[in-house]
Amino acid sequence: MSDKDRILIFDTTMRDGEQSPGASMTHKEKLDLAEILEAMGVDIIEAGFPNSSQGDFEAVSEIARRSKSATICGLSRATEKDIQRCGDAVRHAARPRIHTFISTSPVHMKHKLQMGPNAVLEAVGHSVSFARNLVDDVEWSPEDATRTEFDFLCKCIDAAITSGATTINVPDTVGYMHPEEYGALIRSLRETIPNSDKVIWSTHCHNDLGLAVANSIAGAQNGARQIECTINGLGERAGNAALEEVVMAFKVRGDSLPFETGIDTTRLARASQMVSRITGFPVQYNKAIVGKNAFAHESGIHQDGMLKNTETYEIMKPEDVGVSKSSLVMGKLSGRNAFRDKLKMLGYELDPDSLNEAFRRFKDLADKKKHVFDDDILALVDDQLSAMGERVAFRSLRVIAGSEGPQTADLKVLVDGEEKTASCQGNGPVDAVFNAIRAIVDHKAKLDLFQVHAVTGGTDAQAEVSVRLNGEGVMAVGRASDPDTLVASAKAYIHALNKLEARRLKRLAA
Ligand SMILES: CC(=O)SCCNC(=O)CCNC(=O)[C@H](O)C(C)(C)COP(=O)(O)OP(=O)(O)OC[C@H]1O[C@@H](n2cnc3c(N)ncnc32)[C@H](O)[C@@H]1OP(=O)(O)O
Ligand SMILES: CC(C)C(=O)C(=O)O
């Protein structure tokens, strides 16, 4: 038996989440999402606001019909029509719940509802009793509870409990509270209101100050046993508490947060991707738990630590949230150990000198290029290995190109270790480069083929150039890559020339 207290996870992605501008979901998308949420172990799914439209009514009804284990809930104002419609939708579920609410703060009562406190108090009792006549499970929320006068809040909650509410939710509707305050509010309400132990206390925190998850946890620490949250923290304005963050906080910090949920955390990443796809809201790269970078490490010192023991920089395993593995992202901050590991993964084991040279070239490339992909590294090492021991070695190139002309290439190479330079014009920059090579290394071979490919996507992708030379019946293909197409062209030509020379010598020896 676990000694941890069970926290009910109430997902409101399809109700409060759908209130994010632009996040509306189709009938089919809601059904698919409900299936994922239920399979993940969400205890209560708030599937919509049935009286808001015929479409939402049908979606909530169908989700209720298809539900197996989860409680299916709908939201309604404190009006008979809303509550009746909500009851009609959720009644198809094995476990139906009506959630009804009314504002209790002075600003909401005066300006929005245009009702006095007594009328609101009366509406609380009436709405909850009306809902209780339709279903046994009724949740009541004082909207804007955290800006409500404490005594009035207690009166309203007392009326809701007396009228049959089974869950009391305490919304921080405008995300105004900080954790200590919110926790203290939950505790004071529980300590003040009669029969408070007969209901489940719930949190519903908005993220206007970025404190929604922290406030929800403070709520749990002070007696709340239901947390209302959404996948990816979706929701009105800055959103709600993110389900994945709350759940993983309890899982990872069980030592000091003695709570457990029924969530299968290995399904979190998939749910996040699905919500992002449905709503078209991208998940922020550095979003906790489900962001693209949540398990990615780029700097050398971190990568080195990760290679030695993943616990150095990860407090949870990526597999625990449904991400297949951590990634060491190769970039300008990567170190030699991570680079060596990456090469090993790609099938290369270089001697120390070659590794140093490859690492130097990799850092050069990373300075020029934002993302260094595996294919870039492969091209770079292939390039280096094929250039080893060659007679002609590329040193530098400066090209004048563009519409003004004349296109000119200033080339510097080493031939048998001796530096040679040439400056040549041509019919276009590539022609100028090849003319410069010909001017330095006299040869009769003809250019048979010249091809350029982008190694990866993006305008900063490396160019991979292939050059085929035909020297009196002996063919040689040279390849090289570089972010600069002209440099890659020069290197590929030189590579082909070296191969041709090696073959010619082999022939002579034979
Ligand atoms: C904090 C929250 O997230 S609350 C939930 C927000 N969700 C939604 O609003 C769901 C989508 N909403 C809708 O589809 C529509 O607003 C409806 C169907 C609910 C109501 O539509 P309408 O009847 O056209 O009213 P409208 O939206 O213009 O105004 C809201 C009315 O409800 C009243 N109202 C607001 N909350 C409550 C409440 N909890 N109980 C009773 N009345 C309420 C307002 O005072 C206003 O009344 P008025 O028309 O007499 O001024
Ligand atoms: C209706 C309640 C629960 C709500 O969404 C809020 O106050 O933010």
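This is a predicted model: local features need pLDDT of at least 70, side-chain atom pairs count only at pLDDT 80 or more; totals for chains, interfaces and linings use all residues.
Ligand 1 has 15 residues around it, of which Phe 49, Ser 52, Arg 77, Ala 78 and Ile 102 come nearest. Two elements, β5 (96-103) and α4 (106-113), each give two or more residues to this shell. By class, the shell around ligand 1 divides into five nonpolar, five polar and five charged residues.

The shell around ligand 2 is formed by Asp 16, Phe 101, Ser 141, Glu 143, Asn 169, Pro 171, Thr 173, His 204 and His 206. Here the elements that give two or more residues are β6 (138-143) and β7 (167-172). Five of the residues around ligand 2 are polar, two are nonpolar and two are charged. Phe 101 and Pro 171 are among the residues of this shell and count as nonpolar, while Asp 16 and Glu 143, also in the shell, count as charged.

Positive phi values were found in two loop residues other than glycine. For Asn 232, phi is about 65°. Asn 232 lies in the loop that runs between β9 (226-229) and α9 (243-252). Asn 232 has 30 other C-beta atoms within 10 Å and is therefore buried, the cut-off for this class being 20 or more.

For Ile 289, phi is near 70°, again a positive value in a residue that is not glycine. The loop that holds Ile 289 lies between α10 (268-279) and β11 (296-297). Ile 289 also counts as buried, because 27 C-beta neighbours lie inside 10 Å.

Terms used: Residues are numbered from 1 along each chain as its sequence is written. Chains are lettered from A and ligands numbered from 1 in the order in which they are written. Helices (H or I, at least four residues) and strands (E, at least two) are DSSP runs, numbered from the N terminus. A residue is buried if 20 or more other C-beta atoms lie within 10 Å of its own, exposed if 12 or fewer, and partly exposed in between; C-beta atoms are placed from the backbone. A residue is near a molecule or strand if its C-beta atom, placed from the backbone, lies within 6 Å of it.
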